[in-house]
Amino acid sequence: MAESTEKGISFFSPYKMGKFNLSHRVVLAPMTRCRALNGIPGPALATYYAQRSTPGGFLITEGTLVSPTAPGFPHVPGIYNEEQVEAWKTVVDAAHAKGAIIFCQLWHVGRASHQVYQPGGAAPISSTAVPISEKWRILMPDGSYAKYPKPRALQTYEIAAVVEDYRRAALNAIRAGFDGIEIHGAHGYLIDQFLKDGINNRTDEYGKSLANRCRFLMEVVQAVTAAIGADLVGVRISPAIDHLDATDSDPLNLGLAVIERLNKLQADIGEKLAYLHITQPRYTSSGQTVSRKAVTEDEDAQLLRTWRRSYEGSFMSSGGFTRELGLQAVAQGDADTVAYGRLFISNPDLVHRFKVNAPLNKYIRKTFYTHDPVVGYTDYPFLNKESGSQDPHSRL
């Protein structure tokens, strides 16, 4: 297993992740925050990411749209036009000024969208024409929730154009100054809709067999790595997560199939990807344990260990980690780096708090997806590093 951590390595020790020299293993996970008004990153995003930056720290942006058909939330940033590219430069500069390394997560939600977000009010595109079930609801621009509509299954000939959207977005990210990109192939969004047999009901070369279901992801990975270099590309998958009805009959082998293909790609081109990022099955958007029948926490951990042992490169994990679970994962060699979401929302200085084992601010879920540029976004208090008390100049 290449670039693995030895047992006993500290959560706060340096790590060389491909070409990047990290000063610690605590990563800012990608999280939708809905603060990029009209899809343009503004000053609030620069403040937010700078607050969470540390020298040698690693940040992954919120899901960033690869095309006008990609959104499924209000006020999510894109990286498919010049105005967006220029706006991202300020955000990237703010993170770099703090010494951080920042990747842009490339995102297309596929069927997890609504006509209100689509050009001309068209149906969302997907691998399938089957909608997400009524168990789930989509956040609308006015703050209400609605049912997911029936999507339109992409015609075989159309898929190449979507792959090209990812390639162009990756090039745009590099032009904006990002250190690299992460391909979002997880959590029930477009790429996952091709990977999972609980969604993908295609009969062409992108459906049925496991090899065919992996085809779209691998075409995206190949296009993006050819464009910007494999060492600037991370890949995120979630084989065992059923978010947005993204179920698979054999999560273990789905994960192994993706890993086998990534390993082969790396061997063929003689270059490693930046990392593989797999989310723990305990993740859901509501923060609750995923309702997978007869699956224990130990079995979920074993799934992750199997994928970790199989992947030949840097391995990142995320999904419901506490400080203690993160320490344990790195010390035992179950992950090289651990990404945190909700805890990083409410604790901009999470790395410092983890180091000194300080109390954490509680996050406020109702402000996760609001559009206020400050409230619930950049107003969570820092810890006073000298006294250990709350900074009186930073209020909730």
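Modeller: Let us begin with a definition: a helix is a DSSP run of H or I with at least four residues, a strand is a run of E with at least two, and both are numbered from the N terminus. Please also keep in mind that this is a predicted model. In these terms, threonine 306 has its place in helix 8, which comprises residues 297–310. Is threonine 306 buried or exposed? A residue is called buried when its relative accessible area is under 20%. The value for threonine 306 is 19%, and it therefore counts as buried. Leaving aside neighbours within four places in sequence, threonine 306 is in contact with Leu252 and Leu256.

Helix 7 spans residues 251–269, and asparagine 253 is found in helix 7. Asparagine 253 counts as partly exposed because its relative accessibility is 34%. The loop between strand 11 (233–237) and helix 7 contains aspartate 245. The phi of aspartate 245 is near 65°, a positive value in a residue other than glycine.

Which strands form the closed barrel? Its eight strands run in the order 3-4-5-10-11-12-13-14, and their pairing is parallel. From one strand to the next, the twist averages 25°. In general, the strands of a sheet pair through backbone hydrogen bonds, and the pairing may be parallel or antiparallel.

Let us follow part of this order. Strand 3, residues 26–28, pairs with strand 4 in the parallel sense over two bridges. Here leucine 28 stands opposite leucine 59 of strand 4. Strand 4 also pairs in the parallel sense with strand 5, residues 101–107, over six bridges. On this side, the bridge partner of leucine 59 is isoleucine 102 in strand 5. Between these two strands, the chain crosses from strand 4 through helix 2 (residues 82–97) to strand 5, and this β-α-β crossover is right-handed. Helix 2 lies across strand 4 and strand 5, and runs at about 170° to strand 4. The next pairing, between strand 5 and strand 10 (residues 180–185), is parallel over four bridges. There, cysteine 104 has isoleucine 181 of strand 10 as its bridge partner.

Why is strand 4 described as largely enclosed by the rest of the structure? Strand 4 consists of residues 58–65, and eight of its eight residues are buried, which is the reason for that description. The loop between strand 4 and helix 2 holds histidine 75. Histidine 75 counts as partly exposed because its relative accessibility is 23%. Its phi is positive, about 55°, although histidine 75 is not a glycine.

Strand 14 brings us to another helix. Helix 9 covers residues 323–331, and Arg323, Gly326, Ala329 and Val330 are buried in it. Viewed down the axis of helix 9, the buried residues fall within an arc of 130°, so they line one face of the helix. What covers these buried residues includes strand 14 (337–340) and helix 11 (350–356). Just after helix 9 comes glycine 333, with a positive phi of about 80°.

Among the residues making the contact are Ile159, Val163 and Tyr166 of helix 3, and Phe216, Val220 and Val224 of helix 6.

Finally, proline 381 has its place in the segment after helix 11. With a relative accessibility of 8%, proline 381 counts as buried.

How values were computed:
Residues are numbered from 1 along each chain as its sequence is written. This is a predicted model: local features need pLDDT of at least 70, side-chain atom pairs count only at pLDDT 80 or more; totals for chains, interfaces and linings use all residues. Side-chain values use heavy atoms; hydrogens and water are left out. Buried means under 20% relative accessible area, exposed over 50%, partly exposed in between (1.4 Å probe, protein chains only). Two strands pair if DSSP finds at least two bridges between them. A crossover is right-handed if, with the strands pointing away from the viewer, the path from the first strand over the helix to the second runs clockwise. The arc is that of the directions from the helix axis to the C-beta atoms. Contact means heavy atoms within 4.5 Å. Axes are lines fitted to C-alpha atoms, for helices over the stretch in contact, and angles run from 0 to 180 degrees between N-to-C directions.
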